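Reader: Hello! I am new to this structure, and I would like to walk through it with you. Could you show it to me?

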Amino acid sequence: MSRPPPLSAEEIQARVLHRDGLILVIDKPAGLAVHAGPSRAPNLEECFDALRFGLPRPPALAHRLDADTSGVLVLGRHPKALAKLGRLFSGHATEKTYWAVVQGAPPADEGVFDKPLLKINSKTGWTVKVSDKGQTAVTRYRVLGHAPGMTWLELNPETGRTHQIRVHCADAGCPVIGDRFYGQAEPGQQLHLHSRAIVLALSKNKPPIVVTAPPPPHMLAALKACGFSPST
């Protein structure tokens, strides 16, 4: 007996931020994996049948977000669109913007984290660490606001390494709030990392597609303390 998807058709359709003939962009909820892992836990792909909108097959993931990260997620609506998106993402021809609220503060109000990252596999799972043996990883950042003991950051990853932003922030002494892998998370606390916006140049003859996702409810208190106003 198949289980129901983790979000109803109405719930997942309400999270569509952009839709055209090629792509869908949705607002991914925090705490839900994008695809089935070894545990076969509930995941976002189980909801995609409700996003066909008249096409013969459901859309498919064009890239990934961590289960605990919320925000902008791009789907291709058919194989041709997925191939085009694959070229954009692999060629770093997209502009991604993330928001994070971190513990403490980075070393400057703006700068670049560029330490190489290495993925370590073990019997109990895997993790990522800074290592000279790792792959090149570049994350640009700037401070958007402060509050006692925490900082609101805008981050633009120029590479797409696994857990890149989380490891770079932790290495700089300002781990993302709620990061149970690379920082400290209080019981029940969610990761304060949000995929805020993406720019996709899908056509040479049309302006780029720009999509923005509102911050998730669990980040609002910290963001407001740092100066965020929902009306801006």
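This is a predicted model: local features need pLDDT of at least 70, side-chain atom pairs count only at pLDDT 80 or more; totals for chains, interfaces and linings use all residues.

Reader: Which residue has its charged end over the ring of Trp99?

Author: The cut-off for the distance to the ring centre is 6 Å. Over Trp99, the charged end lies 4.0 Å from the centre of the ring. The residue it belongs to is Arg196.

Reader: Which residue lies over the face of Phe53?

Author: Here, too, the distance to the ring centre is 4.0 Å. The residue over the face of Phe53 is Arg19.

Reader: How many aromatic pairs are there?

Author: Rings of Phe, Tyr and Trp pair if their centres lie within 6.5 Å. By this rule, the count is five.

Reader: What kind of pair do Trp99 and Trp152 form, stacked or edge-to-face?

Author: Their ring centres are 5.1 Å apart, and the angle between the planes is 80 degrees. Planes over 60 degrees apart count as edge-to-face. The pair of Trp99 and Trp152 is therefore edge-to-face.

Reader: How many residues apart are Trp99 and Trp152?

Author: Trp99 belongs to strand β5 (residues 94-103), and Trp152 to strand β10 (residues 150-157). The pair links distant parts of the chain, and the separation is 53 residues.

Reader: Is Trp99 buried or exposed?

Author: Buried means under 20% relative accessible area. Trp99 has 7%, and Trp152 also has a value of 7%. Because its value falls under that cut-off, Trp99 is buried.

Reader: Why is the pair of Phe113 and Tyr141 stacked?

Author: The ring centres of Phe113 and Tyr141 are 4.4 Å apart. Planes under 30 degrees apart count as stacked. The pair is stacked because its planes are at 15 degrees.

Reader: Which residues of helix α4 are buried?

Author: Helix α4 spans residues 217-225, and what covers its buried residues includes β5, β10 and β11 (193-200). The face turned away from the buried side carries the exposed residues Pro217 and Ala221. The buried ones are His218, Met219, Ala222 and Leu223.

Definitions and conventions: Residues are numbered from 1 along each chain as its sequence is written. Side-chain values use heavy atoms; hydrogens and water are left out. Rings of Phe, Tyr and Trp (its six-membered ring) pair if their centres lie within 6.5 Å; planes under 30 degrees apart count as stacked, over 60 as edge-to-face and the rest as tilted. Helices (H or I, at least four residues) and strands (E, at least two) are DSSP runs, numbered from the N terminus. Buried means under 20% relative accessible area, exposed over 50%, partly exposed in between (1.4 Å probe, protein chains only). A charge sits over a ring if NZ of Lys or CZ of Arg is within 6 Å of the ring centre and within 35 degrees of the ring normal. Contact means heavy atoms within 4.5 Å.
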